[in-house]
Amino acid sequence: MSAGAQGLRTGWIAFFVTALTVTVAKLAIVLAGADYDGDSYAHAMAGRRLLLDPADISIHWVWLPLLHALYAAATAVGGGLSTLRFVNVLASSASPLLLAWFLRDHLRRAFPGDAAASQDAAASPIPWLAGALLAIDPLCVSLGVTGQTEPLFQLLVLGACVACERRAFAIAGILFGMAALTRYEAWGLVPVLLWIALKEPRLRARAMLVGALPALLISLWCLAHFALTREPLQFLRVNREFAQAYLASVGYFWGRAPNLALMAVFYVAIVPVSQMLGPAHAIAFAGVPRGFRVLPRTLLLVGAALLAIVTWLLLRGTHLGLPRHAVAIAPLFCALTAVGTIALADRAARRLPTISAERSRQVGAFAVLALVLFTRTVPRTLELFGATQHAFSEQARAAAALRDIAAPGEPIFCDDDKIEVLSELGPARFTRSHITEVAPPHVRDLAQRHGSALVVSPLARAAHLPGGRPLWSHGELLILRFEAPR
């Protein structure tokens, strides 16, 4: 085996070992405790309520329905937030594998009439390095252990790009359509997708499915809102009003007032350096010129469009400028960083003739991988583990006790959404009145009809409900059982 082939094999082994290790670490984090991201519980509650009333669009608030439908399905089979966290571990671990395969397949087919270029492309470390960087990207790891939308959205968009490049336009349209029901950023991709379709004159009828299917689903979602609210874009208006009110009261990451200069580079430079690949992200800019020549067109166009969309929305003040909005752009950033690394390695090899190009590429790839892994990923993973161990620990203890205590079908008064979500008991069992609004007759009536009823509440707030038998307490939280009079 030649030195170049041996180096390539070593790189792929390093990629698979890294991806597997990060996946195991994410599973350990999920098992360590409750979800640290508070928004995950709001999505979980929407899914639980969707299971009770699928026709009530107001359940989704300003969010899109696909994730909530998954929560509803998980709840129906006895899961919930924990199930979606495991799904996101799998989704965030599948994306690096898909990106590496995508780039490897593209490079092998990119130079059909040039044998030397094809051979050089097949031996390139770009695919495995890009996949490894995506696997260890700290922001992707952080979201991959939550029940949020971003890991699934990233996988759907990346899968759709792969299908589009492979001319599987119906599959691409379905995946982009699912993405359009997951996050609004996909809505802005429809013109880009239609432009891609128009570039395929011989396959234009099939290629139009790439944009037509997402457009159809978006239209149906707007029509459903119009039927119930007479305002087809009501959710966008509410989202804009919420974002503007929030930013007016809390401000941006850099202060109270907007700063157009910082906002313009927020997702292209600030978030990637502070939350993602760190200093290694600078290498992505060195990879732009060669990236236009060697990376898949769809990956470039869709990634650039997503970057433009989130930046434009931030400049308009219609979203909060959260770092997690960059997760969908991470595959492009990682691919450009890999390309930039190889470009710099090739330049170094030309200036140092004693070092072969293959050796220079291998050293450069492993150096960048180690830089990100040990300065960014390992510290962030340890931080996530600690944060998860202590996340909403009181509510998690109460939820675990509630699962053990609650009798089959026993109704529950609980006004803490996190306890309800973490218990993963059926949503129909919960009465969502505030404990301070629950009068003794309410509890007696439920107990009379069902034999008993549970109340989960801080001690001080349940003091107006006499007659309950304490079953569990920890700190200020307690669980009381009220039984029907004999």
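# Pockets, cavities and a helix pair in a predicted model

By class, four nonpolar, three polar and two charged residues make up the lining of the second largest cavity.

Colleague: Which elements give two or more residues to the lining of that second largest cavity?

Modeller: This is a predicted model, and the second largest cavity in it has a volume of about 30 Å³. Its lining is made of Ala44, Arg48, Tyr71, Thr75, Gly79, Gly80, Leu81, Val421 and Glu424. The elements that contribute two or more residues to this lining are helix 2 and helix 3.

Colleague: Where in the protein is confidence lowest, and where is it highest?

Modeller: Taken over the protein, the mean pLDDT is 90, and 97% of the residues reach 70 or more. Confidence is lowest in helix 5, residues 115–122, where the mean is 60. The highest value, 97, belongs to residues 138–144, which form helix 7.

Colleague: How many charged residues are there in the lining of the largest cavity?

Modeller: A search of the whole structure finds two cavities of 30 Å³ or more, and the largest cavity holds about 80 Å³ of space. The residues that line the largest cavity are Phe153, Gln154, Val157, Leu158, Cys161, Leu299, Val302, Gly303, Leu306, Ala328, Pro331 and Leu332. Sorted by class, this lining has 10 nonpolar and two polar residues, and the number of charged residues is therefore left to be read from the count, with Asp, Glu, Lys and Arg taken as charged. For the lining of the largest cavity that number is no charged residues.

Colleague: Which helix gives the largest share of the lining of the largest cavity?

Modeller: Helix 8 (150–165), helix 18 and helix 19 (330–351) are the elements that give two or more residues to the lining of the largest cavity. The largest share of that lining amounts to five residues, and they come from helix 8.

Colleague: Which helix gives the most to the lining of the largest pocket?

Modeller: The largest pocket has a volume of about 920 Å³, and among the 33 residues that line it, Arg183, Tyr184, Asn239, Thr318 and His319 lie nearest its centre. At least two residues of this lining are supplied by each of helix 2 (38–52), helix 3 (66–76), helix 13 (234–250) and helix 18 (297–316). By class, the lining of the largest pocket has 17 nonpolar, 10 polar and six charged residues. The helix that gives the most to it, with six residues, is helix 13.

Colleague: Which helix provides the largest share of the lining of the second largest pocket?

Modeller: The second largest pocket, with a volume of about 370 Å³, is lined by 19 residues, of which Gly33, Ala34, Ala396, Arg403 and Leu422 lie nearest its centre. Nine nonpolar, five polar and five charged residues make up this lining. Helix 4 (81–109), helix 20 (357–390) and helix 21 (393–405) each supply at least two residues of the lining of the second largest pocket. The largest share, six residues, comes from helix 21.

Conventions. Residues are numbered from 1 along each chain as its sequence is written. This is a predicted model: local features need pLDDT of at least 70, side-chain atom pairs count only at pLDDT 80 or more; totals for chains, interfaces and linings use all residues. Side-chain values use heavy atoms; hydrogens and water are left out. On a 1 Å grid over the protein atoms alone, a cavity is a set of points where a 1.4 Å probe fits but cannot get out, and a pocket is an open set with protein on both sides within 12 Å along at least five of seven lines; lining residues have an atom within 4 Å of a point. Grid points are joined across faces, edges and corners, and a volume is the space filled by probe spheres set on the points. Helices (H or I, at least four residues) and strands (E, at least two) are DSSP runs, numbered from the N terminus. pLDDT is the predictor's confidence in each residue, from 0 to 100.
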